Amino acid sequence: MDGKRQGSLLLLLLMSNLLLCKNVASQPMCPSGSSCRVSLRDLFERAIILSHYIHSLSSELSQEFDAQYSQGPEFFTQAMSMCHTASLSTPAGKEQAHQIHQKDFVILVIHLLRSWTEPLSHLIIEANHLPKAPDTLIAKAMEIQEQNQRLLEGVKKISKLVDPEIIDNGDYSVWLGLPSLQSNDLESRLFAYHNEFRCLRRDTHKVDNYLKFLKCQIAYDGSC
Amino acid sequence: MQENVTRAVVFTLLLCLNIRLLNGESPPGKPVIFKCSSPEKETFTCWWKPGANGGLPTNYTLTYYKEGEDTIYECPDYNTSGPNSCYFSKKFTSLWSVYIIRVYATNKMGISASDERLVDVAYIVEPNPPKNVTLEIQQPEDGKPYLWIKWVPPTLADTASGWLLLQYEVRLKHEKAVEWEIYFAGQQTNFKVLSFYPGYKYLVHVRCKPDHGLWSKWSEEHSIEIPSDLNMNDETTWIFVAILSAVICLVMVWAVAFKGYRMMTCILPPVPGPKIKGFDTRLLETGKTEEFLTAFGCQGFPPTSDCEDLLVEFLEVNDSEDQQLMPSFSKKYPGQGVKFRHPDRDNDSGHGSCDSPSLLSEKCGGPWANPRTFHIPKVIEKLENLEANITCTWDPLNISTEGKIFNFHTNGSRSSTWPLPQPSQHKPRSPYHSTAEVCKLPMGPKAALATVLDKSVKDALKFSKSIEIGGEEKAVKKMEVESFPAKTEQDTAWLLPQEKTPFIPEKTLDYVEIHKVNKDGALSLTPKQKNSIDQTEKPQASEISKEYVKVVRVTDNNILVLVPDPRAQNKEAPRSLQQNQAEKDTSCFTATPSNCRLHLGGSDYLDPASLTHSFHGQFE
C-alpha cells in the first residue's frame, strides 16, 4: 500500500514537473540576445523616431522630384498607377486597425518594410541616369534605404518581444517596376519614378502611423 | 419647304435664348473645390465655392471615385459640414488611397463641372484647435511664480489610442505689446510661463498640429490679469547680490589703488639692485666723471706718476674656442685655433691686433707669449664712461695649484684671445671677460657686471682690509658685487697674465702679489719670486707678462681668487698663502680705473691697446 502510494506520488510529481518544465520552456521571459534589456517602450520609441524620420525624407523626396521634373501643371496626375504593395491588406482606418491582432499587425509592418529593400536599391542605381543631376534625390534615397534597414531590425526585435513564437515567414511584396525605370521614353520613365516615390511616401506613412498606434496599444495598454 | 421649317425652328430657339439671356439666365459658373481636410484622420470634408449661378437655382453635386476603381460615387453627406460641403464619414473614408473628386453645378441652363481634385486623406489632416484653455498664476513656496496654461486636445482627436499624435504651440502677449511670443509645447497639454510683468493683462492662444499634418487654427483668446503685487523674488535677490558685489568690487579697487604698492611689495618683493657704497648712479648718468671718481676715492684718471707704485698688470688673454686649450701647451689640448707658442718674452706687443676679440691665435703667437704682458681683453660694455676707480682689495695674490678656474661668461661663443691656463676640464666658453668684467664690478648698476661674474666670484670678491696703502686717505673701497648671476662655475674665467707663460709647461707660474695699492686704489702687482719669471715690478706695456691667472671666484671678502696655470701652480703651491684659507687658488687684484676704462667694442674683451695708452704715462 505504501509503495503504491509512493509510486503514485512520484508519478504525480514527475508529471507536474514535466508540465511545469514545458510551461517554462515555452515561455522564455527573455530570448537570448541583448534586446532583452531594452524594454518594449524604448524599442517602440526608437522605432517611431526612425519611422518618423523616414517618412519626412520620403515626403521631401517625392515633392522635390515632382518640382524638378514636372513638365507642366497636372503633368503627373495622369501618372498614377498601382503600388506594388497594394496587394497587402493594410488597415485604412482606425476601426480596421483595432480589428487586427497585434501580432499580425507587427508582421504586417515587417512585411511592408521588407518590400522596399529591393526597390530602393534599384531606384538609387537607376536614378543616376536621370537627366538633371539628381544628387540630392539620390542622397535622400540612400538615407531612406539605410534607415529602413535599421527600422526593420528594430521591428523584428519588437516582434520577438511581443510574441516570442512569432513566425516571420519572410514574406514581402514583389516589385516588378524595374523595366519602367529603364524605359527609353523619358516621359514614361519620369512617370515611373513619380509613382515609385509616391508609393514610397505612402508606405512610409503607413509604417509610421502603425507603429505609433501599436506603441500605445502594446506598450501602454491602449491608452497613451 | 423643309428649309423654311428648320429656319423657323432655329429662329424660335434663338429667340427664346435671347429672351432668356435678356432675363439674365445662364448656365452656372464653374465651382471650385477650395479645401478638403480631415480633423482626426478618420473622416474628411471637402468645401467648394460656387461660381456664378447664372440667375437660376443651381444644384451642386459632388462625385468621386477612388484610384484603381471605376465606380463613381456621390457625396454621402452634404449637410454635416455646412453648405457647399461634402462630409465623408468614417465609413466612407479610406486612408492611403486617392480620391478623385469633382463638383458639378447644374441649373436649367446647363451644367458646369469643377476641376478634379486629388485627395489622399492621410495628408490633409488639420485638427481643430485645443479646447478648455485655462490660465492660472501659480506661486510655489520655494520658487518663482509662473503662469500656468492648460488645455485639452480637440474633441474629435483620438490621441489616447495613438492614432493621432498632436503637438501644441502657445502664444501670448500682454495687451499693449505688439508682437506675440510663441512657444512650442511639444506633446504636453500644459505650459508654464516664467517671464511676465506683474500688473498687465495677458492674452493667450493655443493651437495644435498632427505629426505629419497641418496646424490648426488658434484657439479662442483667453486672458488673465496678473496682480501687480506679485512678488518676483528672483529679481529682488539678484538686485541684492548685485549691490553687494558692487560694494565688494569698490572696496577691492580702493585697496589696490591706495595700498597697491605695499601689497605688491609684500607679495613680490623687489629684487635688490646692485649697490656699491659710495657709488652714486646719478653721477654716472650726469657724466661727471670727476665727481664720480672722487666718490670712489680715485684721484683722477689716468693715474699720475704718484702711482708709480701701482702696478697694474694687464691681462693679455687669448681666448680660444676650447677653453681647455689654455692649460696645455702640449698637444693634449686641441688647438682650437689657438696656437700656443713658446712665449717670446721679447715680443711684447700685448696690444694691437692681438687685442681684437677675434681669435688671435694665428696672428698673435707672440703677444701672449710674453709673460710680462698683461692685456686686458676687450669688454663689451660702456665702461668707457666709467672712470670709476675700481678698487678691488686683494689679498696677496695666491696662485694656488689647484686651479678651479671660473670662466666669466662671455656673451657668446666668441673665441677668446686668451687661452686659459686651465687645468680642469670645464668648458669655459670665453674666459676673458676677466679683468674687464671684474673691473666692471664697481661700475655697479650696469647689468653687464652682474651678468658676468659668477655668484661664487661675487662671493670671493673682497676688499682686503689689510691692504691699506699708506698715504691713501681713502680706504679701499669695498666693492660689493651684487647680483651676479648664478652661473656655473665654469662660466667665468679670469685670467691674469703671469710672468710666466702658462703655456709653456716648463715655465712655472708665478704668484702675483699685490705690491701696493695706491691712493687711487690702483693695484700694483708684483710677481712673487719665481724661477723663470721675468719680473717687472711695474708692469709695463712693453713688458707685460703674459702669464695668466684665472680668477676663480670672488670670495666673501670681495677677494678675487685668481688661479694660475695649474702646472705652474704645482710648484708654487707651497708658497701660496691665502688670506682666506678657505679659498683655494684665490688671488685678487684690483685694476685701476684706468684698466677698466675699456673700449667696449663688440667684444667681450678689454682692449689692451686702450689701456696701454693710459698706462704709458704711468709706467715707464
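**Chain A, then chain B**

Modeller: In chain A of this predicted model, residues 24 or more positions apart make up 82% of the contacts with a separation of 6 or more.

Biologist: How many helices and strands does chain A have?
Modeller: Chain A contains eight helices and zero strands. Read from the N terminus, its elements follow the order α-α-α-α-α-α-α-α.

Biologist: And what percentage of chain A counts as buried?
Modeller: Of its 224 residues, 45% count as buried. The accessible surface of chain A is about 12000 Å², and carbon and sulfur atoms contribute 55% of that area.

Biologist: Switching to chain B, what is its mean pLDDT?
Modeller: The mean for chain B is 66, with 43% of its residues at 70 or more.

Biologist: Which residues of chain B does UniProt list as a transmembrane region?
Modeller: The unreviewed UniProt entry lists residues 238-258 of chain B under that heading.

Biologist: What is the helix and strand content of residues 238-258 of chain B?
Modeller: That span is 100% helix and 0% strand, and its end C-alpha atoms are 30 Å apart.

Biologist: Last one: what are the ipTM and pTM of the model?
Modeller: The ipTM is 0.82 and the pTM is 0.53.

Technical notes. Residues are numbered from 1 along each chain as its sequence is written. Chains are lettered from A and ligands numbered from 1 in the order in which they are written. This is a predicted model: local features need pLDDT of at least 70, side-chain atom pairs count only at pLDDT 80 or more; totals for chains, interfaces and linings use all residues. Side-chain values use heavy atoms; hydrogens and water are left out. UniProt positions are given in the numbering used here, feature names are shortened, and annotations may be inferred rather than shown by experiment. Helices (H or I, at least four residues) and strands (E, at least two) are DSSP runs, numbered from the N terminus. Buried means under 20% relative accessible area, exposed over 50%, partly exposed in between (1.4 Å probe, protein chains only). Contact means heavy atoms within 4.5 Å. Accessible areas come from the Shrake-Rupley method with a 1.4 Å probe; for residues, only the protein chains shown count as cover. pLDDT is the predictor's confidence in each residue, from 0 to 100.
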